[in-house]
Amino acid sequence: MREQEKPQDHETWRKTLRDLEWGRLVQALAQRCKGPLRRRLEEQGEEALPLAQSLAESQIAMAESAEAMELLREREGLPLDGIEDIRPAIAHTEKQGVLGALALWSIAQTLGVARQLRRFLGQRQKRVPHLYARCMTDPSLDRVEEAIRAAIDPGGIVSDRASPELRRLRAEASGLRNRIVGRLEQMLIEHEAIISDRFVTQRDGRYVIPLRSDSYDQIPGIVHGTSASGATVFVEPRAVVDLQNRLVLVYAEIEREEQRILGMLSELVRESAQPIRQALDAIDWADLRNASAQLGIEMGAVVPRLVELPRFAVRKAKHPLLLLEGVEVVPNDIEVKSGEGVIVSGPNAGGKTVLLKTVGLFALMARAGLPVPAAEAEIAFFDPIMSDVGDDQSIRSNLSTFSAHIRMIAKFLELTKEGALLLLDELATGTDPDEGAALACALVQAFCERGGAVLVTTHYAPLKALAARDGRLRNASVGLDAERLLPTFRLHWDVPGPSSALAVAQRFGISADIIERARGLLPEHSRVFEAVSLRLESETNRLHVLKEALESERAELQKERARLKSELEKLRERDRKALSEEYEKFRSALREARREIDELRKALKENPAESMKGAKAKLERLESDLEGEGTLQGLLRGEKLEGEAPSAIAPGQRFFVPRLGSEVEVLEAPSRGKVRVAVGSLKLWLETSELRPIREPKRLQGGGLQSGKSPPPSLPRESIQTSENTLDVRGMRVEEAIALTEQFLDRLYSASTESFAFIIHGIGSGALRDAIRSYLAKSVYARSFRSGTIEEGGDKLTVVELR
């Protein structure tokens, strides 16, 4: 991460950060980091936390935090576990140093995090474009990670896989150790009488056996020491000296081979030092954004809109540090913009200074890409941000409180420009009240003239009065419970607040008689102003309570409205589902009826005499069944729909409702333009304008529909394919196929038993299909025709609706 850029005036900048307690917020952020960034933030504080130097930078940083918040809310936090502080190791390799196995393993672990982060963001590039652009790493670093993992085992041990030579040497060393220990254990058994303990141990890196001091010379060998008591002598028997000498040489060769491998891997790291540093910056940035998002979620924060116009407008703002301490914070609406000022008054310990710090912290958080604890926020890029909160008396500089204060204000005047934010606590106090009030008024006007956005806390009555006269200024006051004389910490706009110094003094222990004596010494105008202010405060509090009650009631009404709307939609959906189920029931009955009719037709052809006996009864039953299909029977009866709503509606009448595609029966007489109807088993209310009368179609003596150029409109008929209404002309010449099609349609039309015909012509080159459809376009038998559906066979057949 880049080093923090300092403002031009370092002194005022440092004072602002100190006044606003920015370091405490940085520490809270550090506690939510997962990698080495945490320690840097804890040690260096605000110096390690970057602040944007332009609006564009602020917007990008805030967009990154917003993306990280969205990931956390969806339980997809950035993969940042396992980050190690490897910057010192990288620097060591650049000085031609060789890293140990543990340091190399830490590098592999951190590069693994970079790889996981790159793949994680790559898979979500469209959802997190800003994080993807800022935190991507060099894929070639995967090669470095793989090389280290291939040679170093977890825990920082050079692996046998690192080289064939290392594997051979370690195998040889293992064999030598086994031979040495095995021979020594055998000697312990053979010389049990002179040993002091039954175990093999090591002295000076060589294997020895413990012998009694009075018998050690019975086994030839090298003495490597004695026990503390002198009773035991540790001897390396001559029988294993050559083996141990070889083992020492093998150990030396292993160490040389390990150093060669570590040097090779260190060189690989050195060659990739620059992309590794860039990867570490990307990981740190991702860690910072993840911590920012975590902090924002914990505070119930929102992502502010960062705007170009120097304006601060926040609804229901809460002081972030108080929130993190678990304090119940009263939210307030705050607004100020360039060239204007807010004069905040009210009792001491009422929250005026907290308000200033809230605004200042929000402005800094916007530049740091941190979400702010508020309901809504619109914050500009303020630069510089200047505050004067607290006592800056300096004995060393021979400055009084007032002198130090004015010295800082003079610097503020030099730096103030459009886009500057000034937070001034108790402006121009510590001197003669009249002169201080006059100076405060002049300073506030000067800051506004220079384009600054100004928030000032004060007890000066002239400054409050100025805010009432000057259109650039606006009064605001922190609330006071007039009955209990306790602060409410709620900000009231356009109302100057009383200082209530006597009430505060009494609350903090000053006796009542002293308070009364002081009240008697007050000028008349001060007592009147105090009384008026308290009455105004009381009325403001009452109106605020009423407003909250009305807002609560409004929210409840909106909630109830949403619930009723949801219930209505559920009822409508239930009605639609019921109608759909009834329609499907009708379709099923219709298919079954046609299937039975087809079976009757076949039976009549095969055995007319026998089949005629039961045909009439079965047809009557089918007709009865179909006529009983509730609200959809009009589909079979061919009912005609009149165009206008009926003039008279009475219970028992039946009408058609186009919106429902169904017939309804009137249950009750109309009332206020609505009528209660039954749709099958459903009961519902409809507008009377939705009802349409139904007219039975005229029938000829033979029972058929009256023919003419414009037959009565009816709802769509079901097209069901059977062997009787299907013609297959595949493989025929065009002339033959058309002739056969004409005969086929004439037979169906004359029989009046089918409404649809199915002609199978295949696809091929399409010539036969096109010829048949050209014929159908002019045919007297065809009302319309279409290609088959996917279920019917698609374009290989044509479905004809007969006239």
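Which side chains meet in a salt bridge of 3.6 Å, N to O? The side chains of R367 and D383 do.

## Basis

This is a predicted model; local features need pLDDT of at least 70, side-chain atom pairs count only at pLDDT 80 or more, and totals for chains, interfaces and linings use all residues. Residues are numbered from 1 along each chain as its sequence is written, and side-chain values use heavy atoms, without hydrogens and water.

## Salt bridges

A salt bridge puts a side-chain nitrogen of Lys or Arg within 4 Å of a carboxyl oxygen of Asp or Glu. The whole structure has 55 of them.

R367 and D383 form one. The pair links distant parts of the chain, 16 residues apart. R367 sits in helix α13 (residues 352-368), and D383 in the loop between β11 (376-380) and β12 (385-388). Helices (H or I, at least four residues) and strands (E, at least two) are DSSP runs, numbered from the N terminus. R367 is buried because its relative accessible area is 4%. D383 is partly exposed, at 30%. Buried means under 20% relative accessible area, exposed over 50%, and partly exposed in between (1.4 Å probe, protein chains only).

R14 and E46 form another salt bridge, at 3.0 Å, N to O. They are 32 residues apart. R14 counts as partly exposed at 29% relative accessibility, whereas E46 counts as buried at 16%.

## A buried serine

S345 lies in strand β10 (residues 341-345). Its relative accessibility is 0%, so S345 counts as buried.
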